[in-house]
Amino acid sequence: MKAIKLDSPGQLRLEDLAEPQAPGPGEARIRIRQVGVCGTDLHAFQGNQPFFSYPRVLGHELGVEVVALGPQEQDHPYDPGLTVGARCAVLPYFNCGHCPPCRRGKPNCCLNIQVLGVHIDGGMREYATIPARYLHPAPALSFEQLALVEPLAIGAHAVSRGQLEDGEQVLVVGAGPIGLAVTQFALLAGASVSVMDISPQRLAFCHQQWPQVTIIDGQNQPLQTLQAHFGDDMPTAVFDATGNTHSMHAAFSYVAHGGRLIFVGLFQGDVTFHDPDFHSHELTLLSSRNSTAADFQRIIGYLNAGRIDLTPWVTHRADTDTAIDAFPHWFDRDSGIIKALIAF
Ligand SMILES: [Zn+2]
Ligand SMILES: [Zn+2]
């Protein structure tokens with residue numbers, strides 16, 4: 001079967017791999033149809049993803065079809081929608097089920113987490129055999145929509161971490177796919193949302209998607225720009241989805257007294273802040289990691305109800321013949337990328 005493998009940084013190639021074994025108890029064999037590409041894959045390609053080991057089949061944003069199901073395990077009955085032929089989204093964070101965070105209902109930060117396409121081989125291949133419990137069937141959705149459930153869920157999870165109130169003033173810093181997902185779910189939560197970015201192209205996309213969102217140009221003196229806009233009534237919840245060290249440090253000063261700062265993106269380094277300012281503002285600082293099955297279910301519900309339109313999000317498409325050459329250019333400054341998908 002065809003697979004796209006990252007042998008070492010910069011070395012992406014199409015390979016012929018053996019097909020996976022037949023599914024055992026509690027497992028499903030899946031035919032992968034669409035794979036989303038994101039910053040994580042780019043960092044692995046560039047070699048600046050420190051916990052990444054090579055070679056690796058990338059791919060954690062997957063729209064798949066079930067081709068075979070192993071026998072059900074006694075204590076873990078299958079979702080009734082999980083049948084051969086079912087279209088599914090895949091929760092790519094395989095958790096152990098027995099460590100303290102798993103036992104406390106936080107499988108997204110399992111101590112033994114294995115993320116598809118990061119710690120173990122992912123979905124840039126025609127077939128895989130995986131535990132069936134990570135499959136979320138959604139027969140009415142397209143494979144493209146299903147592949148986008150994962151990146152949407154990163155934003156949905158961050159918004160649920162932020163516990164937004166109806167009408168709350170929210171600022172999203174960074175209008176990449178994750179920032180867009182945060183914006184989408186903050187709006188669904190009833191918040192009044194502003195989005196700040198340095199890219200006019202991304203801001204224009206945001207404005208086109210949601211005319212009710214306030215667009216803020218963060219290129220020059222973002223703090224002064226925000227103060228001019230909000231006066232002394234700064235946003236009570238600020239999401240930073242940039243993964244950029246300068247932006248994340250600056251974001252502390254964007255939050256109202258008593259507000260929350262939620263870091264969705266991350267970078268490899270230390271975040272420092274001036275403690276007296278942090279205390280006088282009585283800030284709450286939150287991180288948001290991965291997402292959960294509940295986030296997936298909620299998103300599938302919204303997509304089924306037509307409350308999220310993903311059509312404009314897919315700006316780039318490729319197949320196994322064209323993806324290798326196209327991949328490095330998707331992240332060029334002027335590529336205009338929101339999401340790239342690879343068809344398998
Ligand atoms: Zn991703
Ligand atoms: Zn665990």
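**Notes on the model**

Modeller: T236 is found in the loop between α7 (222-230) and β14 (237-240). Bear in mind that this is a predicted model.

Biologist: Is T236 buried, exposed or partly exposed?
Modeller: T236 has a relative accessible area of 25%, so it counts as partly exposed. The cut-off for buried is under 20%.

Biologist: What does T236 touch, not counting residues up to four places away in sequence?
Modeller: The list is E168, Q169, V255, A256, G259 and R260.

Biologist: And how far is its C-alpha from that of L171?
Modeller: The C-alpha atoms of T236 and L171 are separated by 8.2 Å. Along the chain the two are 65 residues apart.

Biologist: Now T183. Where is that one?
Modeller: T183 sits in helix α5, which covers residues 177-188.

Biologist: Buried or exposed?
Modeller: T183 counts as buried because its relative accessibility is 0%.

Biologist: Which residues is T183 in contact with, leaving aside neighbours within four places in sequence?
Modeller: T183 is in contact with V172, V193, V195, W210 and V213.

Biologist: Switching to the metal. What coordinates the zinc ion (ligand 1)?
Modeller: C38 through SG, H60 through NE2 and E61 through OE, at 2.1 to 2.2 Å.

Biologist: What spacing do those donors follow along the chain?
Modeller: The donors of the zinc ion (ligand 1) follow C-x21-H-E.

Biologist: And H60 and E61, buried or exposed?
Modeller: H60 is buried, and E61 is buried as well.

Biologist: Next, pockets. What is the volume of the second largest pocket?
Modeller: About 230 Å³.

Biologist: Which residues line the second largest pocket?
Modeller: The lining consists of G26, E73, H76, P77, Y78, D79, L82, P131, A132, R133, L135 and H136.

Biologist: How does that lining divide into nonpolar, polar and charged?
Modeller: For the second largest pocket, six lining residues are nonpolar, three are polar and three are charged.

Biologist: Last topic, cysteines. How many disulfides?
Modeller: The count is zero disulfides, where a pair of cysteine sulfur atoms would have to lie within 2.5 Å.

Biologist: What about C88, buried or exposed?
Modeller: C88 has a relative accessible area of 0%, so it is buried.

Biologist: And what is the relative accessible area of C96?
Modeller: C96 comes out at 23%, so it is partly exposed.

Technical notes
Residues are numbered from 1 along each chain as its sequence is written. Chains are lettered from A and ligands numbered from 1 in the order in which they are written. This is a predicted model: local features need pLDDT of at least 70, side-chain atom pairs count only at pLDDT 80 or more; totals for chains, interfaces and linings use all residues. Side-chain values use heavy atoms; hydrogens and water are left out. Helices (H or I, at least four residues) and strands (E, at least two) are DSSP runs, numbered from the N terminus. Buried means under 20% relative accessible area, exposed over 50%, partly exposed in between (1.4 Å probe, protein chains only). Contact means heavy atoms within 4.5 Å. Donors are N, O and S atoms within 2.8 Å of the metal (3.2 Å for Na, K and Ca); water is not among the atoms, so sites may look incomplete. On a 1 Å grid over the protein atoms alone, a cavity is a set of points where a 1.4 Å probe fits but cannot get out, and a pocket is an open set with protein on both sides within 12 Å along at least five of seven lines; lining residues have an atom within 4 Å of a point. Grid points are joined across faces, edges and corners, and a volume is the space filled by probe spheres set on the points. Ala, Val, Leu, Ile, Met, Phe, Trp, Tyr, Cys and Pro count as nonpolar, Asp, Glu, Lys and Arg as charged, and the others, Gly among them, as polar.
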